[in-house]
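Dear colleague,

Please find below the structure that I am handing over to you. My findings follow directly after it.

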Amino acid sequence: MRLLVLLAVVALAVTGCSDPGPARPGVLSAGIREPATLLPADVADQAGRLVTGVLWTPLADYDAATGKLTPRAAESIESADRVHWTVKLRPATFHDGTPVTAQSYVDTWKAIAASRWAAAPVLTKLLRARSIEASTSDTISVVLDRPSGQVPALLSAPGLVPLPASVLASRDWAAFAKAPVGNGPYRLDGAWRPGSGGTLKRVGEGVGKATEIELRVGDPAAQYDAVKAGTLDLAMEVPGEKHDAMHGDFGDDHHATWALPRAGYLAFPVTNPRFADATVRHGFALGIDRAALEAGPLAHQADPAKALLPPADAPGERSGTCRPCSFDAAAGKALLQQAAFPGGATVYFGPSTEAWTRTLVVGLHKSLDVSVTAQPSPGAADGPSTLDVSLTTASPYELLSTLAAESGYTDEVFRQSLSLADAAATPEEAGELYRLAENQLLRDLPVVPLWSGHGHAVWSSRVHDVSTTPFTGPVLAGIGVS
């Protein structure tokens with residue numbers, strides 16, 4: 001008997017889940033990884049985005065592909081001249097009962113910028129407001145330093161949600177992240193339990209939706225098996241070794257794949273004479289076997305790039321694969337010979353890109369027959385560098401400007417295209433200009449697109465009405481459970 005008890009304890013420690021017991025009506029059990037933080041403005045991982053995405057309601061939802069704005073906490077986000085913007089708020093309260101006001105947002109955004117959290121560049125580099133004020137209790141007035149039509153996309157960033165006055169006064173961010181208080185459709189019942197998870201309780205009415213959500217932290221492979229066995233309702237991640245089995249195990253109606261706001265690139269230092277010729281950069285691009293990266297170190301958690309802008313960030317529908325996104329070793333060799341490339345290159349990597357950079361380098365050496373090595377980035381790299389970019393907004397401006405800066409690309413026509421896209425009056429006009437800027441980067445190729453991230457989820461027969469978004473994954477507040 002003691003042996004059986006010991007084995008049960010060991011099994012629970014491995015899976016990271018306590019004994020779930022029988023399923024309860026109206027209660028959804030969901031498996032996730034441990035979030036890095038539950039401070040919404042500093043979230044950069046999928047698990048953190050999922051939890052904070054249900055604890056908070058953003059000002060609006062913005063669809064990058066269509067440019068459609070769906071107001072949420074905001075009743076409207078409007079401007080007559082694209083310089084003076086007015087955000088009208090819907091009546092709302094935080095989970096502690098205090099009101100959500102325009103001042104809540106203003107003070108939160110000041111704290112985000114001062115603390116330099118992950119969402120800070122949205123305010124300091126992208127929005128670039130001259131002033132942000134609470135003109136009334138339910139109205140935020142934003143004055144920019146230039147005309148911009150991207151404000152709805154920027155203010156919809158999930159990191160720009162409000163914090164209650166209590167934490168803004170105490171500034172005890174670490175304590176708040178353990179027991180966050182939001183304005184969303186669910187509240188955290190008690191503190192978050194690291195290594196275990198937390199319980200979410202619905203706030204207000206949600207006809208047909210879960211009244212309670214049990215978030216269980218654990219190993220994705222064990223969670224996948226638990227959903228298959230019927231002891232867990234929803235698993236938010238499918239590990240690489242389960243990828244092929246997913247379709248047979250769950251069928252088309254019980255699994256989903258969605259685009260993540262994350263992508264990988266190879267950036268060239270265009271001011272370095274050895275890589276200043278775009279022909280050399282195109283040669284390297286054609287020598288990259290992206291499918292090998294996807295099936296190898298990326299473990300089926302990404303798609304080979306088909307364009308520079310990933311699906312989570314791209315305006316309009318895309319078809320086909322860009323030429324620099326293709327694998328054509330013979331053409332790559334020919335381009336390097338045409339440019340009289342002397343051979344030899346070091347590709348630098350950071351902590352998050354080491355595994356797939358080493359596979360990338362081995363493939364380049366084999367396909368192009370040139371000496372290519374991989375080394376940790378020294379800071380100021382004199383050769384190509386791999387990038388793992390996580391987006392904080394659905395605006396293409398963020399990614400395109402980031403990629404140009406990483407490579408030192410300063411073309412004036414490109415800069416003007418970005419400025420015109422930023423100032424465009426309509427999403428359709430902005431989308432056309434962003435595509436022009438993207439096409440120019442694909443022509444000059446200071447950065448080579450490699451892959452774009454995607455998420456997977458599987459669920460049991462108890463679960464229905466599952467939808468996904470790039471920034472939250474499965475929309476927990478919309479899921480029904482029998």
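One aromatic cluster is made up of Phe268, Phe275, Phe284 and Phe341. Rings of Phe, Tyr and Trp (for Trp, its six-membered ring) are taken as a pair if their centres lie within 6.5 Å; planes under 30 degrees apart count as stacked, over 60 as edge-to-face and the rest as tilted. By this rule there are 11 aromatic pairs. One of them joins Tyr105 and Trp109, whose ring centres are 5.8 Å apart and whose planes stand at 70°, so the pair is edge-to-face. Tyr105 and Trp109 both belong to helix 3 and are 4 residues apart, about one turn of the helix. Phe275 and Phe284 also form an edge-to-face pair, with 6.4 Å from centre to centre and 65° between the planes. Both Phe275 and Phe284 are buried, where buried means under 20% relative accessible area, exposed over 50%, and partly exposed in between (1.4 Å probe, protein chains only).

The model is a predicted one, in which local features need pLDDT of at least 70 and side-chain atom pairs count only at pLDDT 80 or more, while totals for chains, interfaces and linings use all residues. Residues are numbered from 1 along each chain as its sequence is written, and side-chain values use heavy atoms, with hydrogens and water left out. The pLDDT is the predictor's confidence in each residue, from 0 to 100. Its mean over the chain is 93, and 95% of the residues reach 70 or more. Over residues 1-19 the pLDDT is below 50, and this stretch has 14 contacts in the model beyond near neighbours in sequence. A contact means heavy atoms within 4.5 Å.

Helix 3 deserves a paragraph of its own. Helices (H or I, at least four residues) and strands (E, at least two) are DSSP runs, numbered from the N terminus. Helix 3 covers residues 102-115, has 14 residues and reaches 20 Å from its first C-alpha to its last, close to the 20 Å expected at 1.5 Å a residue; the expected span is 1.5 Å times one less than the number of residues. Its buried residues include Ala102, Ser104, Val106, Thr108, Ala111 and Ile112. Tyr105 is buried as well, with a relative accessible area of 1%, and Trp109 is buried at 2%. In general, an α-helix has 3.6 residues a turn, so residues three or four places apart point the same way. Arg116 follows helix 3 and has a positive phi, near 60°.

What does Ile77 touch, not counting residues up to four places away in sequence? The residues in question are Leu59, Ala60, Leu69, Trp85, Thr86, Val87, Val151, Pro152 and Leu155. Ile77 is found in strand 4 (residues 74-79) and counts as buried, at 9% relative accessibility.

The structure holds 1 disulfide, a disulfide being a pair of cysteine sulfur atoms within 2.5 Å. This disulfide joins Cys322 to Cys325, with 2.0 Å from S to S. The torsion about the S-S bond of Cys322 and Cys325 is about 75°, so the disulfide is right-handed. Cys322 counts as buried at 13% relative accessibility, as does Cys325 at 7%.

I turn lastly to the salt bridges. A salt bridge is a side-chain nitrogen of Lys or Arg within 4 Å of a carboxyl oxygen of Asp or Glu, and by this rule the count comes to 18. One of them is formed by Asp145 and Arg128, with the closest N and O atoms 3.3 Å apart. The pair links distant parts of the chain, 17 residues apart: Asp145 lies in the loop between strand 7 (139-144) and helix 5 (151-155), and Arg128 in the loop between helix 4 (120-127) and strand 6 (129-136). Asp145 is partly exposed at 36% relative accessibility, and Arg128 is partly exposed at 27%.

Another salt bridge is formed by Asp388 and Arg262, whose closest N and O atoms are 2.7 Å apart. Here Asp388 lies in strand 16 (residues 385-390) and Arg262 in strand 12 (residues 255-267), so that distant parts of the chain, 126 residues apart, are linked. Arg262 counts as partly exposed at 34% relative accessibility. Salt bridges that share partners also join Arg128, Asp145, Arg146 and Asp422 into one network.

With kind regards
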